[in-house]
Amino acid sequence: MSSAPILEVENLQIEFRTGRDTVHAVNGVSFQVESGETAAILGESGSGKSVTASAIMRLLQSPPAFVAGGSIRFKGQDILSLPISQWRDYCGREIAMVFQDALTSLNPVFSVGWQIAELFKAHGIAKGRDADNRAIELLERVGIPDPASRAKDYTHQFSGGMRQRVMIAMAIALGPDLLIADEPTTALDVTVQAQIMELLESLRQDSNMAMILITHDLSVVADVADNVAVMYAGRVVERGPVADVLGRPAHAYTLALLDSVPQARGKGSKLRPIVGSPPDLARIPKGCAFNPRCRFASDLCRNETPPIVEVTPGRTAECHHAEQVFNDG
Amino acid sequence: MMVENSSISPADDQPILEVRELAKHFEIGSGLSFKRKTGVVKAVDGVSFSLRPGETLGLVGESGCGKSTVARTLLRLEETTSGSALFHGEDIFKATPQELKSIRRRLQVIFQDPYASLNPRMTVEEIISEPWVIHPDALPASERPDKVRALLENVGLRREHAERYPHEFSGGQRQRIGIARAIALDPEVLICDEPVSALDVSVQAQVINLLMEIQERLGIAYVFIAHDLSVVRHMSHRVAVMYLGRIVEIGTEEQVYNHPRHPYTKALLSAEAPLDFSKDRKKHQRIILEGEVPSPSNPPSGCRFRSRCWKAQEVCAGEAPPLEYVNNHAVACYFPEDSPAG
Amino acid sequence: MTTAEQEALIIRRKTPWWSLLARDKFALAAALWLTLMFACFLLGPELFGKAATTLNLRARNLPPGSTEHGWLMFLGGDALGRSMLARLVVASRNTLTIALTAVFFAMIAGGFLGMIAGYVGRGIGHVIMRFADVLQSFPSLLLAVVVLYVLEPSVTNLIIVLAITRLPIYLRVTRAEVLEIRERVFVDAANALGGSRYHILRRHITPVVAPTLLTILTVDFSIIMLAESSLSFLGIGIQPPEITWGLMVAQGRNYLSQAWWLAFFPGLAIMLATLSGNILSNWLRVVSDPEQRWRLEKPRTGDE
């Protein structure tokens with residue numbers, strides 16, 4: 001990779017301390033995002049993907065959440081150690097986020113146009129009429145028909161897909177270099193999902209912004225991402241270019257995940273589900289966290305944390321049997 | 001009363017469930033007054049299909065297409081506006097409370113939300129025995145504890161789980177408990193209302209396999225409702241595609257997925273990116289539909305899809321296109337794609 | 001099943017309720033206090049009936065804390081020189097009979113009507129709710145006065161009147177909860193199994209509503225006792241020489257500046273009874289909820 005990465009997450013560890021247990025939501029996650037690329041974080045619920053995203057945005061409530069270790073560097077600056085007042089300058093201008101649930105993420109008592117204009121005012125970029133006009137421009141850019149009149153509407157007057165467009169407009173308003181999209185299409189219908197992904201992709205290309213796409217949906221990853229990090233039980237178990245990782249997995253979990261997905265094109269044979277369920281993050285199994293559900297598991301997996309293996313250049317897997325999986329799958 | 005044994009033989013063409021012109025309209029009143037109606041939402045508007053013993057009929061569509069309302073009316077959790085549903089020739093919608101109780105014994109349901117569908121204050125044993133508490137003649141009380149444990153093993157749980165409470169289980173395990181409860185009375189038809197959409201991919205596959213295995217073993221017919229095209233394809237023998245309260249296309253899984261004839265089916269199928277990870281994967285061409293599903297309180301006249309359809313012409317705004325069958329493959333469109341078989 | 005799941009679902013034995021009660025200091029104290037009250041209720045008038053009516057003119061308005069007139073005078077004497085302690089013990093029977101019966105009937109009737117209003121049908125629901133509106137908009141004391149003037153002021157009538165005035169609260173709470181629970185999916189599931197209305201009310205709705213009603217009941221207990229004392233004060237409730245804690249508070253009010261203990265101790269008794277009831281009902285609520293029970297089962301060894 002030529003340029004310096006825009007975002008580097010290193011050995012990030014996050015715990016939730018409840019009265020009952022300590023939940024290890026993220027256990028040493030490392031990855032980089034190059035400027036202008038689309039990086040996907042793929043994982044099921046409880047894999048720690050959303051917690052990682054919230055940590056980058058510093059949205060975690062502490063307590064109960066604590067960063068137990070590691071660092072997050074954005075353009076070389078460690079953002080976890082920034083005072084919150086300075087962090088606010090980054091927020092929106094440098095890094096912005098699109099949430100899954102647009103209805104609860106937007107304020108229901110202000111018009112959509114007002115909320116976007118307020119962003120410009122708060123950051124001292126534009127005032128009065130100018131801010132309103134910029135808001136309308138933005139709404140047009142995200143494909144909202146008749147933006148001048150829709151700007152006066154409230155969130156409940158928008159459909160699910162339109163609302164998500166408004167959220168995207170707010171996220172890109174200040175021209176961030178990194179956009180984090182946390183399950184941006186999960187709450188939407190299939191046909192609308194396609195529209196939103198198309199929009200995100202075209203916006204990203206236009207402004208050469210980097211995007212972290214957090215999702216559980218393999219087909220979304222296949223569709224738009226360049227690189228992917230697969231997460232399981234709070235760790236990145238495999239990462240590399242999408243075509244390599246999902247085309248020919250080297251981690252047993254990735255392979256098993258692909259085996260368990262039915263496909264609309266070509267009716268597959270019987271599904272091969274992963275047995276059992278994801279581990280309780282307060283009691284993560286010893287050794288490799290995936291070992292109780294893994295068909296490759298050996299005594300080694302049950303006792304020792306697997307090393308990070310470089311499978312092919314630029315592509316790693318955290319599996320004792322990476323080679324076997326790679327050749328088998 | 002004995003539960004009939006359903007057979008899976010394809011020769012048995014007598015439908016077990018036949019839904020004709022089912023319609024469900026919700027009236028929206030304005031707050032205080034009871035009389036004034038401000039509008040009617042036609043959630044389901046003339047849906048007909050039939051289900052043969054042992055087969056799976058997939059019902060697929062986006063949110064607001066009325067697929068869940070179909071399920072709720074078939075279970076009589078909502079009263080219908082018009083239409084009929086013949087279960088072994090007996091109309092579910094006109095059944096008296098006694099008749100309904102006996103129908104419900106043979107027509108069961110699995111709900112979407114595994115967290116809400118189990119009473120948190122009951123043990124798993126109480127939950128799975130509830131069907132026999134309601135239908136005491138189905139199984140003598142002395143045999144119930146053993147049967148509960150046998151059912152738990154049948155759905156991939158352990159006997160000891162009977163004494164636990166729902167909150168001690170994961171989503172997938174709860175769905176298994178829901179399935180155990182649904183099959184406790186040996187039903188002939190199971191209505192599955194989005195049974196896997198609340199689950200993670202890896203767990204989804206477990207439940208799908210379990211459902212298919214149960215069908216093989218017990219010969220239960222499924223009405224399988226989902227928004228996920230690939231899951232529906234995997235499960236179903238025949239598939240009906242719904243849009244805004246109507247079925248736009250119905251046929252075998254092979255016909256609908258490989259040779260879709262309705263433009264909406266085509267768009268829906270193309271919206272989902274294929275799981276193809278080869279280097280040239282970005283070339284996936286999809287039909288991106290404009291806009292979103294219109295509100296069912298104010299649907300377009302004629303063909304309801306015409307407001308988003310690239311083939312729409314004047315005729316589509318007039319009379320709604322009827323479902324027309326060619327080789328058991330029906331489509332409601334004036335300009336359908338050609339049927340491969342002619 | 002895999003080993004992982006066996007591990008995840010740790011086999012744990014259910015701790016019996018009495019062991020849980022022993023672990024919770026407050027709940028235990030509350031339970032002991034209520035047991036003591038119940039003992040007074042059962043045996044009080046038989047053991048202390050005489051002491052409670054014996055006049056000792058030298059002990060008139062005797063301040064508490066002295067034992068020179070015997071241990072019965074430890075909490076002081078009243079205006080006629082009767083033992084406060086004995087009177088408190090004896091009054092417990094009347095007090096608990098009236099207050100408990102009244103709240104109990106209010107809860108049963110209110111809960112029943114609330115379930116009908118919430119579950120059976122819109123039409124009858126409206127009728128019941130308007131009935132509750134009427135009851136609530138009518139000042140309850142006035143209602144009681146009117147009814148008790150028309151009827152005889154007797155213990156039974158007093159209980160009926162008090163129950164009726166408290167009924168709307170139970171009715172509203174029950175209806176609100178039923179309206180919410182009936183929309184839950186597990187109720188749909190029971191319906192789809194062919195369960196009758198009665199079955200669903202009994203198996204699914206009552207177990208959720210009951211703990212809430214029980215909590216309200218304990219709070220209502222003190223309100224009823226004070227309402228009863230107001231009625232007694234107006235001369236249409238309990239008549240001396242019969243006594244209740246409420247009546248003792250009312251009588252003691254006249255001497256508040258000279259002998260505070262006349263009103264204070266019965267007031268304290270009412271407060272402690274209510275507080276204990278409340279603590280215990282909250283504890284019961286947690287114990288009866290499978291999702292909350294662990295909070296009590298958690299071993300108390302350090303913090304984390």
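In this structure, 40 residues of chain B are in contact with 36 residues of chain A; two residues are in contact if their C-beta atoms, placed from the backbone, lie within 7 Å. The model is predicted: local features need pLDDT of at least 70, side-chain atom pairs count only at pLDDT 80 or more, and totals for chains, interfaces and linings use all residues. Residues are numbered from 1 along each chain as its sequence is written, while chains are lettered from A and ligands numbered from 1 in the order in which they are written.

**Interfaces of chain B**

- Towards chain A, the elements of chain B that give two or more residues are α5 (171-183), α6 (201-218), α7 (229-235), α8 (253-258) and α9 (263-271). Helices (H or I, at least four residues) and strands (E, at least two) are DSSP runs, numbered from the N terminus.
- α6(B) gives the most to the side of chain B that touches chain A, with 7 residues.
- By class, this side of chain B has 18 nonpolar, 12 polar and 10 charged residues. Ala, Val, Leu, Ile, Met, Phe, Trp, Tyr, Cys and Pro count as nonpolar, Asp, Glu, Lys and Arg as charged, and the others, Gly among them, as polar.
- Towards chain C, 23 residues of chain B are in contact with 20 residues of chain C.
- On the side of chain B that touches chain C, two or more residues come from each of α2 (97-106), β6 (107-110) and α3 (124-134) of chain B.
- The residues of chain B on that side divide into 10 nonpolar, 5 polar and 8 charged.

**Fold of chain B**

- Chain B has 10 helices and 12 strands.
- Of its 342 residues, 51% count as buried. A residue is buried if 20 or more other C-beta atoms lie within 10 Å of its own, exposed if 12 or fewer, and partly exposed in between, with C-beta atoms placed from the backbone.
- Among contacts in chain B with a separation of 6 or more, 65% are between residues 24 or more positions apart.
- An open sheet of 8 strands in chain B has the order β6-β7-β8-β3-β9-β10-β12-β11, with mixed pairing. Two strands pair if DSSP finds at least two bridges between them.
- β6 and β11 (324-326) of chain B are the edge strands of this sheet, each pairing on one side only. The twist averages 20° from one strand to the next.
- Within the sheet, β10 (residues 246-252) and β12 (residues 329-331) of chain B pair in the antiparallel sense over 2 bridges. B:Ile250 has B:Ala330 in β12(B) as its bridge partner.
- α5(B) lies across β6 and β7 (189-193) of chain B and runs at about 175° to β6(B). Axes are lines fitted to C-alpha atoms, for helices over the stretch in contact, and angles run from 0 to 180 degrees between N-to-C directions.

**Sheet of chain A**

- In chain A, 4 strands form an open sheet in the order β2-β1-β4-β5, with antiparallel pairing. β2 (22-33) and β5 of chain A stand at the edges, each with a single partner strand, so one side of each is left without a neighbour in the sheet.
- β1(A) and β2(A) pair over 9 bridges in the antiparallel sense, and A:Leu7 stands opposite A:Val33 in β2(A).
- β1 (residues 7-17) and β4 (residues 65-74) of chain A are antiparallel over 8 bridges, with A:Glu10 opposite A:Ser71 in β4(A).
- β4(A) is joined by 2 bridges to the antiparallel strand β5 (residues 77-78) of chain A, where A:Phe74 stands opposite A:Gln77.
- The hairpin of β4(A) and β5(A) has 2 residues between the strands, and A:Lys75 takes a positive phi near 50° there.

**Helix packing in chain C**

- Helices α5 (residues 122-137) and α7 (residues 155-181) of chain C pack at an angle of about 135°, with their axes 9 Å apart. That makes α5(C) oblique to α7(C); angles under 35 degrees count as roughly parallel, over 145 as roughly antiparallel, 65 to 115 as roughly perpendicular and the rest as oblique.
- The crossing of α5(C) and α7(C) is left-handed. A crossing is left-handed if the near helix is turned anticlockwise from the far one by less than a right angle, and right-handed if clockwise.
- C:Ala132, C:Leu135 and C:Gln136 in α5(C) meet residues of α7(C) including C:Ile164 and C:Arg172.
- The axes of α4 (residues 84-120) and α9 (residues 197-233) of chain C come within 8 Å and cross at roughly 140°, in a right-handed crossing.
- The residues of the contact of α4(C) with α9(C) divide into 15 nonpolar, 2 polar and 3 charged.
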